[in-house]
2 protein chains.
Amino acid sequence: MEPLLRNVLRRVKPTESERETARRVADGVVRLVNRKCAELGVRANAALVGSIARGTWLRDEKDIDVFILFPEHLPREELEREGLRVARAVAGKSGQERYAEHPYVNMRYRGFDVDLVPCYDVRDPSRIKSAVDRTPHHQRYVQERLTDELRDEVLLTKAFMRGTGVYGAELKIQGFSGYLCELLTIHHGSFTNLVRAAAGWKPGTAMGADGKYVEDQEFALIFRDQPLVVIDPTDPNRNVAAPVSLRSFATFVRACQDFLSSPDEKFFFPRRIRPMTNAEIARALKSRGTRLILLAFRNPGLVPDVLYPQLRKTERAMIQRLGREGYQVIRSDVWANSMCVVLLELSLWRLPSVRTRLGPPVTFPGGDFIREHMSSKERLAGPFVDDAGRLVFELRRERTSAEECVRSAVQDSRSLGKNIAEAIRKGGRLLNERSMGGLLRDRGFRMFVSEYLQRCLPWYR
Amino acid sequence: MEPLLRNVLRRVKPTESERETARRVADGVVRLVNRKCAELGVRANAALVGSIARGTWLRDEKDIDVFILFPEHLPREELEREGLRVARAVAGKSGQERYAEHPYVNMRYRGFDVDLVPCYDVRDPSRIKSAVDRTPHHQRYVQERLTDELRDEVLLTKAFMRGTGVYGAELKIQGFSGYLCELLTIHHGSFTNLVRAAAGWKPGTAMGADGKYVEDQEFALIFRDQPLVVIDPTDPNRNVAAPVSLRSFATFVRACQDFLSSPDEKFFFPRRIRPMTNAEIARALKSRGTRLILLAFRNPGLVPDVLYPQLRKTERAMIQRLGREGYQVIRSDVWANSMCVVLLELSLWRLPSVRTRLGPPVTFPGGDFIREHMSSKERLAGPFVDDAGRLVFELRRERTSAEECVRSAVQDSRSLGKNIAEAIRKGGRLLNERSMGGLLRDRGFRMFVSEYLQRCLPWYR
């Protein structure tokens with residue numbers, strides 16, 4: 001396995017000159033921020049954090065994170081106002097304001113993607129005021145423990161996570177953050193040790209602040225339903241792996257199992273998916289014999305971490321509603337750039353006009369149930385008693401197509417993400433496999449559909 | 001309620017002259033059997049049993065049961081041979097041999113339907129050799145307890161059971177036998193008391209040999225899954241209500257509840273169902289929007305108590321198979337006269353070509369599962385991981401129509417009743433709602449379909 005990993009490392013590790021460039025650009029940003037603070041009379045100072053600061057960045061990750069640290073006692077509104085003032089001054093016209101827990105500014109700067117993030121300089125990490133305040137502490141913790149060898153191992157871990165599709169804590173991915181990759185590698189001493197351990201992980205696997213595996217019932221209670229628990233060494237109340245979904249967890253564990261049984265570069269560098277032509281898409285859909293329903297609307301201008309949970313919520317609400325009415329969704333997914341799409345693939349999209357309405361078992365009075373339906377215009381047959389002794393009516397179904405069901409569900413804005421409800425009201429459209437041609441002109445959407453139809457764990461492509 | 005019940009009684013109780021006729025005909029049969037025994041040198045004697053013997057027959061029930069009692073020590077083959085010899089001699093050409101546990105002979109005689117049933121004259125009812133040997137003991141038990149008033153109450157009970165569709169222990173009905181009606185009436189003292197008690201029955205209701213309700217865990221174990229237990233006073237190991245299905249049980253209990261809240265003659269004399277015309281049937285089916293599959297074949301010449309369990313078994317096997325392959329049966333039923341029909345009504349009869357094949361969760365090795373399907377020509381997508389962390393393949397489905405599924409299930413004769421498997425092989429046909437015109441020429445089948453489409457508890461018609 002060693003030559004394989006050396007090869008991988010050669011491809012993912014920045015060269016000496018690339019590191020030099022990154023360091024120079026990053027230092028430039030830090031100096032710029034400090035200068036603007038002085039000019040504007042703001043009492044704050046800049047700190048370089050993230051993977052470039054720790055030397056654990058993959059060569060094609062060109063992200064620079066500069067935090068603007070404010071004193072702990074400052075009121076929150078003041079921090080946000082002053083922080084933005086500095087960041088805007090630094091970024092100038094090229095800057096773009098974004099919102100996570102705090103507002104921050106993103107800019108392109110000499111080929112890098114730079115985030116300027118105001119936060120509190122909190123001494124005691126258990127008393128932080130918002131999630132970003134933890135980052136400087138993570139920075140310190142990791143820096144103190146990383147040797148050059150360990151940095152290489154972290155790169156392998158990250159490249160493996162990325163190649164198997166589970167890299168990134170953002171809500172679009174729900175995978176492993178860079179910090180989590182670093183911690184896991186530090187805890188296990190090397191990439192290979194981590195893979196060997198993870199191949200045996202079960203949902204509920206937990207590591208304490210010292211990196212040792214624990215079997216603690218208390219953990220199971222506090223971090224309920226979290227497939228992986230990795231206690232933050234800088235804050236024992238926090239699970240660094242909280243964003244990891246069961247899907248990402250299981251994908252990573254499978255990847256480790258499969259990698260051990262046949263190590264291959266494809267785990268780090270999977271085959272790319274080729275965008276399918278319209279004809280290929282039509283053929284694939286025909287061979288599936290299903291029906292697509294696409295709920296499409298303009299992106300209401302939310303950051304991905306706010307948008308994706310709302311898209312997923314909308315997706316779940318539709319699936320639930322369809323299921324409750326008797327339709328079957330075989331698979332579904334969501335996609336977004338300037339447009340948003342909730343894609344529902346139905347294996348059952350037409351229902352007969354008759355539906356069964358079960359009443360109470362014989363141990364309960366059935367009078368009301370019978371009165372309610374006996375005189376109903378919907379009644380086709382009944383009441384009669386089924387094999388289980390329950391009263392049954394057969395009634396006429398209100399809606400017999402999944403499209404109608406989705407159309408009606410869309411009216412019920414409570415079940416949708418709140419910004420999405422509005423975006424749909426302003427101009428949502430219901431498309432199907434025949435009417436999605438317009439969307440397919442977007443290369444991103446075409447890639448999404450191509451990936452959807454050929455879905456496969458990346459290392460099996 | 002009293003005038004109502006008096007009216008009912010007037011309609012169901014045989015007149016004095018009807019009783020005189022029945023008694024005379026029955027006595028004639030008994031004498032005839034005894035004479036033939038003497039002539040043929042067979043050591044046996046006749047006994048009149050059943051509702052005519054006890055004066056508990058409804059006026060349009062014209063059934064005479066004459067048992068031919070043989071000594072206990074006789075070998076079984078000899079009993080069957082000698083019994084049939086006597087019965088055949090009595091019945092002559094009009095007789096028809098039938099098979100229950102023993103063979104017996106049925107004949108039309110002066111407007112009555114007469115069964116001549118050989119059995120053992122067993123002293124101790126707990127040592128009987130076959131189910132029919134119990135009948136003479138039941139006869140004695142009931143005769144000793146019935147007063148004239150109680151006979152009227154039994155008639156009401158029977159008429160109520162008949163009117164609500166649960167009268168008869170035969171496997172076609174799975175309801176309440178005449179003897180059970182008598183016991184329940186004796187135990188409760190009157191029809192009205194029985195109805196009041198039964199309105200509160202729950203599945204698992206049990207009465208001891210003395211007719212008192214018991215709450216005995218032991219009963220629940222011995223008579224597992226039997227909704228009603230009524231211990232036979234002549235044999236404490238036997239549940240007289242064993243044939244009562246949960247459906248019949250629940251129907252009767254509902255009928256009692258509904259009758260108490262609004263007593264009406266319709267519980268005893270429900271509206272008859274009118275046979276529907278072809279156009280009405282087509283219209284009803286269209287408004288249901290379902291698809292019928294009818295498995296039709298010639299009746300292999302079995303008595304109903306043998307035929308119906310096999311038809312039900314076949315029906316269940318088809319429903320299970322269809323369900324396993326993803327189709328949905330909304331309702332089904334069986335019918336027989338010279339033809340047999342298993343009717344399946346499908347609410348889902350077409351499936352897309354893609355199907356989901358779930359693999360093991362991440363805690364189990366997935367290698368074999370992946371290898372099996374990875375190279376399969378059926379693979380459309382996968383392997384990927386679902387939200388629950390399970391491996392998934394999407395495969396091409398072999399059969400996409402319920403007809404194909406039934407056609408293939410019919411090949412698998414193990415799942416069918418054994419005589420039915422052969423009857424189907426000899427010339428079974430698969431029909432649907434458009435091709436069932438030939439069957440509809442049979443008035444019995446037309447009634448069956450009419451009842452099926454308008455199915456309703458009789459007192460709600």
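Chain A carries 76 positive and 59 negative side chains, with the centres of the two sets 6 Å apart. Here Lys and Arg count as positive and Asp and Glu as negative, leaving out His and the chain ends; each charge is placed at NZ of Lys, CZ of Arg, CG of Asp or CD of Glu.

This is a predicted model, where local features need pLDDT of at least 70 and side-chain atom pairs count only at pLDDT 80 or more, while totals for chains, interfaces and linings use all residues. Residues are numbered from 1 along each chain as its sequence is written, chains are lettered from A and ligands numbered from 1 in written order, and side-chain values use heavy atoms, without hydrogens or water.

## Overall build

Chain A has 17 helices and 16 strands (DSSP runs, H or I of at least four residues for helices and E of at least two for strands, numbered from the N terminus). Its C-alpha atoms fill a box of roughly 80 × 55 × 55 Å along the principal axes.

Of the 461 residues in chain A, 53% are buried (under 20% relative accessible area; exposed is over 50%, partly exposed in between, with a 1.4 Å probe and protein chains only).

## Two spots to look at

Arg35(A) sits in helix α2, residues 16-40. With a relative accessible area of 48%, Arg35(A) is partly exposed.

Ser401(A) is in the loop between β15 (390-396) and α14 (402-411). Ser401(A) counts as buried because its relative accessibility is 6%. Leaving aside residues up to four places away in sequence, Ser401(A) touches Tyr327(A), Trp349(A) and Arg350(A) (contact means heavy atoms within 4.5 Å).
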